[in-house]
Amino acid sequence: MTYRLQLDTKKQLFIAIDVENQRNVGVGTTVEAAVADLKG
């Protein structure tokens, strides 16, 4: 899976977004947690 990352600096959260399906989003306090949430 290919994804892109964003950082919400106000909430201090990483956001992983599936490049092929923009509705598939994962959020976490670390990059790893955001990617794991994306796949789950």
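Strand 2 and strand 3 (residues 25-28) pair in the antiparallel sense, with four bridges between them. The model is predicted. Its protein chain holds one helix and three strands, and along the sequence these follow the pattern β-β-β-α. The three strands build an open sheet in the order 1-2-3, with antiparallel pairing.

**Strand 2 with strand 3**
- Four bridges link this antiparallel pair.
- Within it, A16 stands opposite G26 of strand 3.

**Strand 1 with strand 2**
- Strand 1 covers residues 3-8.
- Strand 2 covers residues 13-18 and runs antiparallel to strand 1, joined to it by six bridges.
- Q6 has I15 in strand 2 as its bridge partner.
- Y3 stands opposite D18 in strand 2.
- These two strands also form a hairpin, with four residues between them.
- In that hairpin, Q12 takes a positive phi near 55°.

**The sheet and its helix**
- The sheet is open, and its strand order is 1-2-3.
- Strand 1 and strand 3 are the edge strands, each pairing on one side only.
- On average, neighbouring strands are turned by 20° against each other, direction ignored.
- Helix 1 (residues 31-39) packs on this sheet and touches strand 1, strand 2 and strand 3.
- The direction of helix 1 makes about 145° with that of strand 3.

**Y3 and the surface patch**
- M1, Y3 and L5 make a nonpolar surface patch of about 290 Å².
- Y3 lies in strand 1.
- Y3 counts as partly exposed because its relative accessibility is 34%, while exposed would require over 50% and buried under 20%.
- In a regular strand, side chains alternate between the two faces of the sheet.

**The chain as a whole**
- The C-alpha trace spans about 25 × 15 × 15 Å along its principal axes.
- The protein chain has 40 residues, and buried residues make up 22% of them.
- Among contacts with a separation of 6 or more, 8% come from residues 24 or more positions apart.

Note on methods:
Residues numbered from 1 in each chain as written. Predicted model: local features only at pLDDT ≥ 70, side-chain atom pairs only at ≥ 80, totals over all residues. Heavy atoms only, no water. Patch = residues over 30% accessible without salt bridge, like charges linked within 9 Å, V, L, I, M, F, W, Y side chains within 5 Å. Areas by Shrake-Rupley, 256 points an atom, 1.4 Å probe, with all protein chains shown as cover. Salt bridge = Lys/Arg side-chain N within 4 Å of Asp/Glu carboxyl O. Buried < 20%, exposed > 50% of the residue type's maximum accessible area, 1.4 Å probe, protein only. Pairing = 2+ DSSP bridges. Axes fitted to C-alpha atoms, helices over the stretch in contact; angles between N-to-C directions. Contact = heavy atoms within 4.5 Å.
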